[in-house]
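This report covers the strand pairing and the ligand surroundings of one model. The sequence and structure come before the details.

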Amino acid sequence: MVKLNFDLAAKHVNIRPDILELIKNCDSLVRVNFPVRRDDGTIETIRGYRAQHSHHRLPCKGGIRFSDEVDLQEVEALASLMTYKCAVVNVPFGGAKGGIAINPKKYSVRELESITRRYTAELHRYGMIGPAKDVPAPDVGTGAREMAWIKDTYSSLFGGNDINAEGCVTGKPLSQGGIHGRTEATGLGLFYVTAEFLSHKDVCERHGMSMGTFGKAVVVQGFGNVGYYAAKFLSEMGGARIVGVVEYNGAVFKPDGLDVEALKAWHLAKGTLNGFPGATSELPAGRTLEGLETPCDILVPSALEKQIDKNNARRIKAKLIVEGANGPVTPMAEDILYEKGCVVLPDMLCNAGGVTCSYYEWLKNLSHVRFGRLTRKWEERSKVLMLSQIEKAGVKLSPKEVKEVTAGPSERDIVYSGLEDTMSDAVVETLVTAKKHNVSYRVAGFINALNKISTCYTDAGKPKPASTVKILPRRVPLPPPCLFQLKPPPPSHPFSNPTGITM
Ligand code: NAD
């Protein structure tokens, strides 16, 4: 799917074929097998992957997924998507992705910790982790807890001489060098993208939509990190009605709008959405995909890839699809949707809030200081001084208003502000390119990404002009060695069992 969209975009750019080939291919791939001792004493061989798609900017960046479905092709595709995503939102990283082929629900916390720590050691062995090389983040099946294990393993075993070791991973808990706002960043970014898109009068008129998110009916698929926060911010900040939430084992609906917080509490307590007292109808497990066909203005697929395909695309009633998940709409489905006049805002734009905020977390780790720590009080004092002058001119504010007007920004305020700015800019860039080339927003995103990446290569002075090129030039800076490791290294290797807890 990613390569298909790449090829569509390639027709609209003025980039030499050899550079396009350079951009398209994955730079480094690692596959590792390692043992873990299960709680019942048996040894299980675990398979893990890491793909670094592009070293045009370093470090590489991309999540780590724990899922049965993880394989080499998926990791490679998602890594390339990360490259284009970072370029779309002007985050200066190359793309990467990692994964472990396990269903985390089938392992105890101790087993998951052993697996995560050993995987970190394997990544380090092959130069696939480090604040200057490759910085993982959470993805499906992983969260702040796993990131804390990765950071702890990396910094305590390998980061002794590296003052920036904390920046080896993002999405960490606050106590481990995380940043305020990272947890909700992807869902919040999705809200900013939707709000920015619907704020353009000409765009809304072209697609036959009313402006703004206020009052719009929204259906969300997947009520995990992305889906929950997307629903929360679309309703709380955007005034939208969440008329349906769809999970794999149940789905609930209410035309007036569901109470997102109450539904989340119910989901956490019961493990299913069904039975929620605030819903007016529901779908049983096994039929929940039908929930995507609910009449609504905006559909937010935030669970898995390929949820809307040629089989159900014709029955989708939403006017706007905002992709929270990676690749939830197949290319064939997208063609059908466009014929129907349904607009798709692509994953590389809509869910780029996570990597944007990860960039801020990495910057915080490198600068070793919380955003706003040095300037907050100074800003507050300046505002108090300014307000006192305004009050002298006869304006009187209530104590509550004074507090609001003079407050200096917290780290969360700064992160939200940076996120909104980044997402809005990316939407505008995408709209401009889509109009200029008369292409879908997905192809527009790819066009922008390809142009930025190719400029990065050519401005670096390499490769040479087309007429003199004989062999594909090497990338600058030099990547770590390209590895395709099929078997675990010999036990004599110094890092063969660095944690001492996996076997
Ligand atoms: P998550 O594990 O927190 O949530 C996924 C949710 O989807 C879970 O509640 C799960 O039960 C549900 N789900 C699984 N299969 C389903 C199905 N068949 N139908 C309906 N619901 C189903 O994962 P997440 O972090 O929210 O990621 C979701 C998607 O967003 C993935 O494609 C991921 O790659 C992408 N993404 C996540 C982030 C991030 O920061 N978390 C950033 C960018 C992209």
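L299 stands opposite I321 in β11. The model is predicted: local features need pLDDT of at least 70, side-chain atom pairs count only at pLDDT 80 or more, and totals for chains, interfaces and linings use all residues. Residues are numbered from 1 along each chain as its sequence is written, and side-chain values use heavy atoms, with hydrogens and water left out.

β10 (residues 298–301) and β11 (residues 320–322) pair in the parallel sense over two bridges. Strands here are DSSP runs of E with at least two residues, helices are runs of H or I with at least four, and both are numbered from the N terminus. Two strands pair if DSSP finds at least two bridges between them. The open sheet of seven strands has the order β9-β8-β7-β6-β10-β11-β12, with mixed pairing. At its edges are β9 (281–284) and β12 (343–345), each pairing on one side only. The twist averages 15° from one strand to the next.

Helix α6 (residues 185–197) lies across β10, β11 and β12 and runs at about 150° to β11. Contact means heavy atoms within 4.5 Å. Axes are lines fitted to C-alpha atoms, for helices over the stretch in contact, with angles from 0 to 180 degrees between N-to-C directions.

## Five-stranded sheet

A second open sheet, of five strands, has the order β1-β2-β4-β3-β5 and mixed pairing. Because β1 (28–37) and β5 (134–138) each have a single partner strand, one side of each is left without a neighbour in the sheet. Here the twist averages 20° from one strand to the next.

Strands β3 (residues 60–66) and β4 (residues 94–100) run parallel and are joined by five bridges. K61 stands opposite G95 in β4.

## Ligand surroundings

The ligand is surrounded by 22 residues, the closest being R65, T186, V226, E247 and N326; a residue is near if one of its heavy atoms lies within 4 Å. By class, the shell has eight nonpolar, 10 polar (Gly counts here) and four charged residues. α8 (225–236) and β7 (241–247) each supply at least two residues of this shell.

A polar side-chain atom of E247 lies 2.5 Å from an oxygen atom of the ligand. For a backbone N or O atom of V226, the distance to a ligand oxygen is 2.9 Å. A polar contact is a pair of N or O atoms within 3.5 Å. Taken alone the ligand exposes 820 Å², and the protein buries 82% of that (accessible areas by the Shrake-Rupley method with a 1.4 Å probe).

Terms used
Polar contact = N/O pair within 3.5 Å; in protein donor to acceptor, adjacent residues only side chain to side chain.
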